[in-house]
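Hi everyone, thanks for making time.

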Amino acid sequence: MTANTILSILAADYPVEKLSCYVSDDGGSLLVFEAVAEAANFANLWVPFCRKHDIEPRNPEPYFNQKRDPCKNKIHQDFVRDRRRVKREYDEYKIRINNLRDSIQRRSSAYNAQEEIKAVRQWNDIIGDESVKTLNIPKATWMADGTNWPGTWTIPAPGHSRGDHASIIKLLVSHAWHNMPLHPHNIATDPFPFPYVMLRPACDEPIKGGDSNSIDLTDVDVNLPMLAYISREKQPCHDHNQKAGAMNALLRASAIMSNAPFVINLDCDHYVYNSLAFREGISFMMDRGGNRICFVQFPQRFEGIDPSDRYANHNTFFFDVNMRALDGIQGPMYFGTGCLFRRTALYGFDPPQLKKRSGCCSCFFGHLKNAATSCSSTKVAPEEDQFLLIPKKFGNSNTLVGSIQLAEFQGRPLAYHPSVKNGRPAGALITPRGLLDGSTVAEAISVISCTYEDKTEWGQRIGWIYGCITEDVITGYRMHNRGWRSVYCVTKRDAFRGPAPINLTDRLHQVLPGATGSVEILFSRNNALLASPRMKILQRIAYLNTEIYPFTSIFLIVYCFLPAVCLFYGQFVVQRFSITSLIYLLVIALTICLLAILEIKWSGIDMEQWWRHEQFRFIGGTSSHFAAVLLGLLKVIAGIEISFNLTSKPAGDDAVNNRFADLYIIKWTSLMILPITIILTNLLGIATAVYRTVYSPVSQWSHLIGSVSFSCMVLAHFYPFAKGLMGRRGKTPTIVYIWSGLIASSVSLLWLAIKPSTGSNQTVLGFHFS
């Protein structure tokens with residue numbers, strides 16, 4: 001998936017000299033690096049092919065698997081021939097990718113055997129004894145050039161494991177550079193003890209191709225954007241802060257190497273579906289007032305989901321209702337992927353053109369609230385003094401500090417209108433980007449070391465924020481809290497796409513970390529109730545809703561159990577209705593229905609999508625959200641750290657015979673216990689009520705139907721969950737039957753123990769309206 005994501009980015013419709021792709025591999029795996037290298041090699045054919053024939057989407061896997069006619073609207077007569085050639089190359093490319101693991105193992109085994117023979121000979125020469133046949137030497141992982149891989153080895157060794165390895169930066173780019181005249185700055189000389197550069201960044205002038213691989217590229221620019229593989233240094237004695245730490249390391253390295261004013265992050269399993277997505281996002285940043293936009297968030301769109309969307313994987317209610325509504329206030333939240341950032345907003349600066357507050361300066365560096373300023377109501381530090389404070393916040397890299405002001409200037413809108421204040425003059429950025437040299441890359445290596453963030457504000461007020469599972473929500477919250485606004489960019493053609501876990505267990509585990517992080521935020525200083533006056537009141541309420549929604553699971557669980565309890569006791573919740581109570585219930589019901597209709601009509605989603613959302617709200621609320629409340633409180637109160645496994649993604653279409661095979665996989669998880677209990681309790685309650693009515697001297701069928709309807713409504717919400725438990729062809733795991741029997745027996749015994757007597761002292765459950 002990562003390799004195809006890279007191909008879609010490299011093929012995006014954006015100037016190649018202004019686009020750089022950075023791949024972060026926190027595991028430091030040679031397998032990932034060689035997959036990236038294979039992608040870079042295939043990109044020399046794939047990207048020009050996309051440019052020549054205007055291919056969409058520019059990810060080869062979905063493009064070659066699409067059902068529509070690929071020749072539709074194509075004017076080039078040689079398109080069919082080119083497509084067949086590229087498809088053949090892509091099939092070979094996939095074979096090479098799939099065989100990488102075996103080829104690395106074979107290569108490493110051969111090199112290790114040679115090293116062992118060499119070590120044995122040296123040992124025998126030293127001691128003068130030929131009896132030693134083998135020595136216990138580390139089993140290294142070897143690169144194709146015959147050197148040890150500096151990252152994680154297949155058989156971990158000290159200094160070469162997932163949590164203990166050196167920094168790695170490698171650049172890969174178009175073969176077009178091979179045809180250029182040699183220049184001292186064009187070739188990497190590698191005077192350092194660590195590997196860092198393979199090829200150079202993209203050049204500024206178009207490079208026309210020739211007749212390569214039976215494809216005529218005479219009039220096509222074959223130049224590619226810069227592609228960099230980065231793996232930050234890791235040591236066992238340091239806290240690496242998971243994804244947030246990796247993103248901050250990537251932010252610093254990119255500032256040294258390319259320093260683009262805008263940064264977009266994508267998960268490894270998402271890809272560019274709309275080649276114009278980057279241009280559409282940048283247009284918001286460069287428009288009038290765009291200098292106050294901290295990020296442009298694109299909606300997440302998913303593919304490979306079953307047609308009925310059993311577990312609401314599309315999540316259209318969140319992406320097409322909630323986020324669209326926030327776009328009219330201060331902007332949508334940042335939710336982890338598909339987000340275009342302004343670099344200086346990530347650096348912790350305040351937005352420009354804010355109204356002057358008492359004692360605050362209006363210059364760019366004066367807008368540093370927590371990063372590089374010491375403004376007070378009585379004294380304002382000079383700009384030079386504030387600039388001197390920046391290294392204490394950003395670290396001791398002069399190159400990184402010097403890049404900040406340049407990135408801010410490059411990110412300004414063009415001064416094409418008198419209303420654009422502090423705009424960038426036209427033609428100010430026509431100077432070509434300088435070539436990378438060894439000292440620049442060495443500086444990038446230094447800023448991704450383990451100790452660079454020590455005694456700085458990275459992760460505290462700068463970059464992605466540490467200390468919470470949902471670092472994305474906190475990072476976006478901090479920007480809004482400083483007065484920035486964001487934009488929700490819904491393009492006509494989906495900007496990005498990715499797979500979603502359609503399996504029930506994976507879907508529940510996907511929801512759990514986000515809900516747990518919301519509980520953590522509620523009890524932290526990032527609580528929306530403590531927001532600054534710069535955050536609008538409705539935006540604050542929206543963030544507060546994000547923080548407290550897991551706690552609604554408590555009331556939801558009570559609602560799900562209450563109809564069954566009433567059926568056990570033979571009493572309805574409301575024992576006697578009055579005109580007032582009926583009007584009250586009618587008004588509530590009509591309000592809920594009208595609100596649902598308004599949301600459906602305004603957002604454009606259909607009734608089925610809305611109903612799927614309601615069903616999964618019950619399923620997730622009684623499982624993942626309730627577990628998140630317990631786990632979050634444990635971390636807040638007892639300080640118990642919580643770790644979550646990465647959500648597994650569905651296999652590719654060609655990996656299984658059935659496209660939706662993952663939908664029917666049953667993997668037991670403790671999150672299923674409470675929903676199963678609710679289902680069985682309501683079924684037992686219905687059976688008890690029917691039994692009581694049938695064998696009662698005076699059968700009250702109307703009362704039974706009214707009471708049972710509420711339990712049936714609860715069961716209707718849990719229908720996708722029950723269907724998921726059954727799997728396919730009844731292949732339900734034995735553990736499900738065991739738990740179901742134990743829960744049913746426990747509930748039955750509990751009911752028998754608390755069942756009231758039939759005498760005059762019978763307990764009555766109910767609420768009375770006067």
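Okay, one term first: a salt bridge is a side-chain nitrogen of Lys or Arg within 4 Å of a carboxyl oxygen of Asp or Glu. Keep in mind as well that this is a predicted model.

Lys118 forms a salt bridge with Glu115, and their closest N and O atoms are 3.6 Å apart. How far apart are these two in helix 5? They're 3 residues apart in that helix, which covers residues 100–127, so about one helical turn separates them. Lys118 is partly exposed, at 43% relative accessibility, and Glu115 is partly exposed too, at 29%.

Arg279 and Asp13 meet through their side chains in a salt bridge, at 3.5 Å from N to O. Arg279 sits in helix 7 (residues 277–286) and Asp13 in the loop between helix 1 (2–10) and strand 1 (20–24), so this pair ties together parts that are 266 residues apart in sequence. Arg279 counts as partly exposed, with 38% relative accessibility. Asp13 is partly exposed as well, at 29%.

The next pair joins two loops. Arg534 and Asp350 form a salt bridge, with the closest N and O atoms 3.1 Å apart. Arg534 is in the loop between helix 14 (504–522) and helix 15 (537–548), while Asp350 is in the loop between helix 9 (343–346) and helix 10 (383–394), so parts 184 residues apart in sequence get tied together. Buried or exposed, what would you guess for Arg534? Buried: its relative accessible area is 18%, and the cut-off for buried is under 20%. Asp350 is buried too, at 6%.

How many salt bridges does a search of the whole structure find? The search finds 29. Some of the charged residues link up in a network of salt bridges: Arg301, Glu303, Asp320, Arg324, Asp494 and Arg497.

In soluble globular proteins, nonpolar side chains tend to be buried together. Here, the largest nonpolar core has 61 residues, and the ones touching the most other members are Trp46, Val86, Trp149, Leu227 and Val296. Helix 2 (residues 30–53) gives the most to this core, with 12 residues. If you click on Val86, you'll find it touching Phe42, Leu45, Trp46, Phe49, Phe64 and Ile215, leaving out residues up to four places away in sequence. There's also a second, separate core of 52 residues, including Ala689 and Phe718.

Tyr90 and Phe42 are 48 residues apart in sequence, but their C-alphas are 7.6 Å apart in space. Apart from neighbours within four places in sequence, Tyr90 is in contact with Asn4, Phe42, Pro60, Glu61 and Phe64.

Last stop, two helices. Helix 19 (residues 673–694) and helix 21 (residues 719–726) pack at about 110°, with their axes 11 Å apart. They are therefore roughly perpendicular to each other. Helix 19 brings Pro675, Ile676 and Ile679 to the contact, and helix 21 brings Phe721, Ala722 and Leu725. What kinds of residues make up that contact? It's 6 nonpolar, no polar and no charged.

That's me done, thanks!

Terms used
Residues are numbered from 1 along each chain as its sequence is written. This is a predicted model: local features need pLDDT of at least 70, side-chain atom pairs count only at pLDDT 80 or more; totals for chains, interfaces and linings use all residues. Side-chain values use heavy atoms; hydrogens and water are left out. Axes are lines fitted to C-alpha atoms, for helices over the stretch in contact, and angles run from 0 to 180 degrees between N-to-C directions. Helices (H or I, at least four residues) and strands (E, at least two) are DSSP runs, numbered from the N terminus. Angles under 35 degrees count as roughly parallel, over 145 as roughly antiparallel, 65 to 115 as roughly perpendicular and the rest as oblique. Contact means heavy atoms within 4.5 Å. Ala, Val, Leu, Ile, Met, Phe, Trp, Tyr, Cys and Pro count as nonpolar, Asp, Glu, Lys and Arg as charged, and the others, Gly among them, as polar. A nonpolar core is a set of buried Ala, Val, Leu, Ile, Met, Phe, Trp, Tyr and Cys residues joined through side-chain atoms within 4.5 Å. Buried means under 20% relative accessible area, exposed over 50%, partly exposed in between (1.4 Å probe, protein chains only).
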